[in-house]
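Thank you all for coming, and please have the sequence and the model open while I talk.

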Amino acid sequence: MTQTPINRREALKKIYRAIVAAGAATFLSYRDLLAAVSQTPDQRPNVIWLHGTSCTGCSCSFLDIDYVPVVDILTKFTNMAFHPDISLATGSQVTNILERLEASSQGYIFVLEGGIPVSMPHACVMGERPITEWVELLASGATACIAAGTCAALGGIPKMHGTLTGSMTLDEFLTHKGIEKPLVSLPGCPMKPEHFVYTLLHQVKTGRLPELDESKRPLHFFSYTNHDRCILYADFQEKRFARRIGEPGCLLKLGCQGPVTKTDCMINGHNSNTNTCIRAGHPCIGCASEQFPRQILLHAYDEKRVIKKDF
Amino acid sequence: MTRIEGHLRFETRVENGMVMDAHCSGEMFRGIEAALIGHDARVAQQVTQRVCGVCPYAHAEAASLALEAAMGIRPNSNGQLLRNLIVGAYQLQDYLLHFYTLCALDFIDVTAVLDYKGSDAGLIGLREWVASELVSKKIFPAAPFLPRYEADYLQDKELNHTAIRHYLDALPMMANLHRMVAIFGAKAPHPVTIEAGGVTTVPTVDTLMHYHSLLAKVEPFIKQSFFNDVVAVAKAFKGYFREGKGYGNLLSYAYFPDQYGANHMTAGGATIGGRYTPLDIQKVTEDHRYSYYANQPDKDLRPMDVRRLEPIDYERYKQEHGKPQGKYSWTRSPRYAGEVMEVGPAARVVNTYKAGTNPQLTELVDRLNRELGISIEDYPSVMGRHLSRYIMSHLTIDRLKRDLALVEPGKLAYEERGVPKNAQGMGLTEATRGGLAHWIETDNEGRIANYELIVPTTWNISPRDADGRPGAVEKMLIGTRLRDPENPMELTRIVRSTDPCMACSVH
């Protein structure tokens, strides 16, 4: 498997097939996508990617995109002006890029991975400035914003019960600062690279984001819960519940979060559909849900504590 | 600083081209240890692996080992083997990510692609792209590959072209390795199936074959392309076997056991002043005098002595920054027998070599030492660390092949146990970037009463301890000569050689 760059037409066919497989065919046609990249270097949209209180998992996930070489995304579809893990620029070169691009009239898509620690600005600092200031500056100048992953989209780990940093999602932060910008939220811990590339291309091609639900998630990926489309749904209907790991049956009574987790794992599994948590014998942990992480996840069949309210 | 995991700042004082003093600051805090209190004990595995999206596998394993210790169990042979297959594949991905995506372009000259005259479609495409970018009206053409520090990049054009080709090839190889993780771990990053008691996946002939076919693609890339690139860079930058040496004290934990939990691939222990001794975990202490925490006392704390770390507020933070001897990092300062220790691949290689527990490692190290004209004492260095990552990858591939053949299809790899009440446990493992330890204590309902992590980068990037001794990487930087203080590539090469993971180090 070498990363042989394929021609543009082939790349787009592959992406299109992926999008069809993900159930989003009505949004972009192959012809639309083809037009998305017929641009000169000066027309390719800039992308700025920042880490808030993140773990870099979504960036690693992005590098796993299978349908099109990462290098093609960097060189044919977008101008990745800054990415913390890919850019060769370092130190003051970085702050220089961010400030000059923000001040220019070129526009850019702003991607944020991780939370925004509003009550503890010193909990995330870049180039001597709190990340809160960077996000405010860069979101204000952006054409569109992408909240990449559960932390930026719904809260996730940096906002879990017991944390002190006052972490906000990107949506909450923009409201808090009175910044009105088109925003898409892509929950998932980590974010799925297919969700990101689809969203990016939609913005590149049409100049707007895909159709969203009330939580600003693309409808075509986040309309159904994992439970709705679960491979074990028949077991659930027939009330065949697994009593322990390894037993056949629905995993609901071992702590499955499928019923409260809207995402497309059952159609588009992890790592290019290699697997899903449920296929791997583990209850869904709800990593794309508003409640993630809950007080109790995998548990025993006759668990009494689970009926208590979360905190 | 970029191309590391997370938010790291380092500050140096340079006089006459030499670094006189250095301060490394971890710039991001989430407070996950304290937040875990009150959660069910099993939640620690899912939450702590999200401390880090680069090495989540190690946290999943350490958390499970800690809880298993509290339960008094260990996984059955299938459980251990599947864990090895998940963690081993993930480590290989992590090594490639570090060498190619994060470090290679500090040595390889990416602009050399402009002189490429061969027929490789990938390199031709890249050449045309760079050329068109450079004549465009962009503020920053050829981003993200430019701008960069201008420095003494590799001169040999052909080597540059080959390495750039491998930089491109490494990306799908890394995705392949993540797929191998997902076969038994459900997904990567953040494999969910490693739980106290084993692994929830039941292996089948199909999944084992799938893993096998992907491993067969990865092996030649690692043993040929990765090997050749590391050796080429090591030969071209031989001086870097003497750069970034630091204290030279090395700490590691026993790692990668066989199916019975014994005969680890690498040895635990400490090399201090050149002398190796087996591990005594009781010797670990932690200070936070120079870290942004208010708890007192702030020195010689044993793991779990602090129940809830209290971060200082923003006002106090600003005051500390104004002080000459103020606090300057979210990272704490762990010490072993009072010494500042380096952890990571070089520590694993040197300690195992000195312990003499792995003949295959000894033989490979001796062969490489002859080829490169170096000795085992040269491993704690910029180039020694890169070389150690290759050695680890090579040994890991062979272990994965052996373990894959031992898995019994259809046999449950998981043993169910209730969460232990009022129990304590410790889990030790290695991430690619060094030794990782988790400690757990549960209450009378099996909820977390206290949790602590001491993470590889906490060792390496620690600030000064209460005695004022610089941390491991700070020490590596001090005394370094810079060719050009405006383009201090020597320093970024040193820092990146330790593969910092800042989100991990503070958590």
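The largest nonpolar core has 180 residues, and those with the most contacts inside it are A:Phe62, A:Phe196, B:Leu96, B:Tyr211, B:Tyr379, B:Leu387 and B:Ile391. By a nonpolar core I mean a set of buried Ala, Val, Leu, Ile, Met, Phe, Trp, Tyr and Cys residues joined through side-chain atoms within 4.5 Å, and buried means under 20% relative accessible area, with exposed being over 50% and partly exposed in between, using a 1.4 Å probe and protein chains only. The biggest contribution to this core, 14 residues, is made by helix α4 (residues 77-103) of chain B, where helices (H or I, at least four residues) and strands (E, at least two) are DSSP runs numbered from the N terminus. From chain A, at least three residues each are drawn from domain 1 (8-220) and domain 2 (224-311), with domain bounds that come from an automatic or database domain assignment.

Before I go further, please note that this is a predicted model, in which local features need pLDDT of at least 70 and side-chain atom pairs count only at pLDDT 80 or more, while totals for chains, interfaces and linings use all residues. Residues are numbered from 1 along each chain as its sequence is written, chains are lettered from A and ligands numbered from 1 in the order in which they are written, and side-chain values use heavy atoms, with hydrogens and water left out.

Which residues does B:Ile391 touch, not counting residues up to four places away in sequence? They are B:Val349, B:Leu361, B:Leu364, B:Val365, B:Leu368 and B:Tyr379, where contact means heavy atoms within 4.5 Å.

As for chain A as a whole, 62% of its 311 residues are buried, and its secondary structure comes to 12 helices and 9 strands.

Let us turn to a sheet in chain B. Strands of a sheet pair through backbone hydrogen bonds, either parallel or antiparallel. Here 3 strands of chain B form an open sheet in the order β10-β11-β12, and the pairing is antiparallel; two strands pair if DSSP finds at least two bridges between them. Because β10 (424-431) and β12 (448-454) of chain B stand at the edges with a single partner strand each, one side of each is left without a neighbour in the sheet. From one strand to the next the twist averages 15°, with axes being lines fitted to C-alpha atoms, for helices over the stretch in contact, and angles running from 0 to 180 degrees between N-to-C directions. Strand β11 (residues 434-442) of chain B is joined to β12(B) by 6 bridges, and B:His438 has B:Leu453 in β12(B) as its bridge partner. Packing on this sheet is helix α3 (residues 56-71) of chain B, which touches β10, β11 and β12 of chain B and whose direction makes about 155° with that of β10(B).

Now for some individual residues. Is A:Asp213 buried or exposed? At 12% relative accessibility, A:Asp213 counts as buried, and A:Asp213 sits in the loop between α9 (193-206) and α10 (219-222) of chain A. A polar atom of the A:Asp213 side chain lies 2.8 Å from the backbone nitrogen of A:Ser215.

In helix α6 (residues 157-185) of chain B we find B:Arg165, which is buried with a relative accessible area of 11%. The side chain of B:Arg165 makes a polar contact, at 2.6 Å, with the side chain of B:Asp120; a polar contact is a pair of N or O atoms within 3.5 Å, where within protein one must be able to donate a hydrogen and the other to accept it, and residues adjacent in sequence count only if both atoms are side-chain atoms.

Finally, some backbone geometry. Most residues other than glycine have a negative phi, and most peptide bonds are trans. The peptide bond from B:Leu146 to B:Pro147 is cis, with omega near -5°, and B:Pro147 belongs to the loop between α5 (121-134) and α6 of chain B. B:His190 has a positive phi, near 70°, and lies in the loop between α6 and β3 (194-195) of chain B, where B:His190 is buried with a relative accessible area of 0%.
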